[in-house]
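I set out to record what surrounds each ligand in this entry. The sequence and structure come first.

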Amino acid sequence: MKLPILVYPDRRLKEQSHPVDNFDASLHKLLDDMNETMIANNGIGLAAIQVGVPLRALLINLPDEEGNQYPENLIEAINPVIIEKRGCTTYTEGCLSVPEYYDDVERAEWIRVEFFTREGERKEIEADGLLAIAFQHEIDHLDGHLFIEKLSFLRRKKFEKEWKKKLKESRQP
Ligand code: Y12
Ligand code: CO
């Protein structure tokens with residue numbers, strides 16, 4: 001089932017998400033619904049709080065060079081924790097909860113992440129490039145943070161100005 005995505009400045013996006021305790025059918029249904037929602041909106045990453053569920057669960061599905069996404073490349077990460085990070089890189093990020101806005105964000109270049117699968121199996125992966133960016137972006141959502149909070153003061157002001165204009169234009173006359 002496709003779910004509605006919370007859009008900035010929805011206050012629920014600032015919530016701290018809770019650890020998942022039960023790796024049961026309701027978690028599996030949530031992950032399946034999140035995947036359907038992410039695909040339908042051309043996303044490459046989605047956190048549970050973006051569909052209004054404050055649980056520490058996220059999805060990432062990076063496209064290949066042609067822009068295609070495959071089900072076998074889907075990463076489902078439950079209770080993810082960054083246990084090591086190195087370096088610094090900048091990438092122009094976007095977010096389904098901040099549609100049509102993209103800006104440069106600095107993050108660690110390389111990370112090691114511990115997480116659990118939907119069956120409760122512990123995994124550890126090393127990530128760099130786009131995967132490292134995506135993990136950090138999505139884990140920030142689990143802690144109630146959006147990428148726009150990482151912008152400089154001036155870039156954030158530019159964003160707020162553009163966002164206000166967009167809301168005004170989308171309002172009914
Ligand atoms: C690198 C940077 C950020 C992430 C987090 C995941 N971000 C997304 O999945 C963003 C998706 C997105 C999709 C949009 O829709 C289309 O392109 C059709 C979009 O455009 C509009 O809203 C108009 C904006 C963002 C992972 C890795
Ligand atoms: Co996002």
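Which element gives the most to the shell around ligand 1? I found that α2 does, with five residues; helices (H or I, at least four residues) and strands (E, at least two) are DSSP runs, numbered from the N terminus.

I noted that this is a predicted model, in which local features need pLDDT of at least 70, side-chain atom pairs count only at pLDDT 80 or more, and totals for chains, interfaces and linings use all residues. Residues are numbered from 1 along each chain as written, chains are lettered from A and ligands numbered from 1 in written order, and side-chain values use heavy atoms, without hydrogens and water.

Ligand 1. I counted 18 residues around ligand 1, the closest being I44, G94, E100, Y102 and E138 (near: a heavy atom within 4 Å). By class, the shell holds nine nonpolar, six polar and three charged residues, with Tyr and Cys counted as nonpolar and Gly as polar.

I then looked up polar contacts (N or O pairs within 3.5 Å). A polar backbone atom of G94 lies 3.1 Å from a nitrogen atom of ligand 1. Oxygen atoms of ligand 1 lie 3.3 Å from a backbone N or O atom of G45 and 3.4 Å from one of E100. The elements giving two or more residues to this shell are β4 (89–93) and α2 (129–142).

Cobalt ion (ligand 2). I listed its protein donors (N, O and S atoms within 2.8 Å of the metal, or 3.2 Å for Na, K and Ca) as C95 (SG), H137 (NE2) and H141 (NE2), at 2.1 to 2.2 Å. C95, in the loop between β4 and β5 (103–107), and H141, in helix α2, are 46 residues apart.

Methods: Polar contact = N/O pair within 3.5 Å; in protein donor to acceptor, adjacent residues only side chain to side chain.
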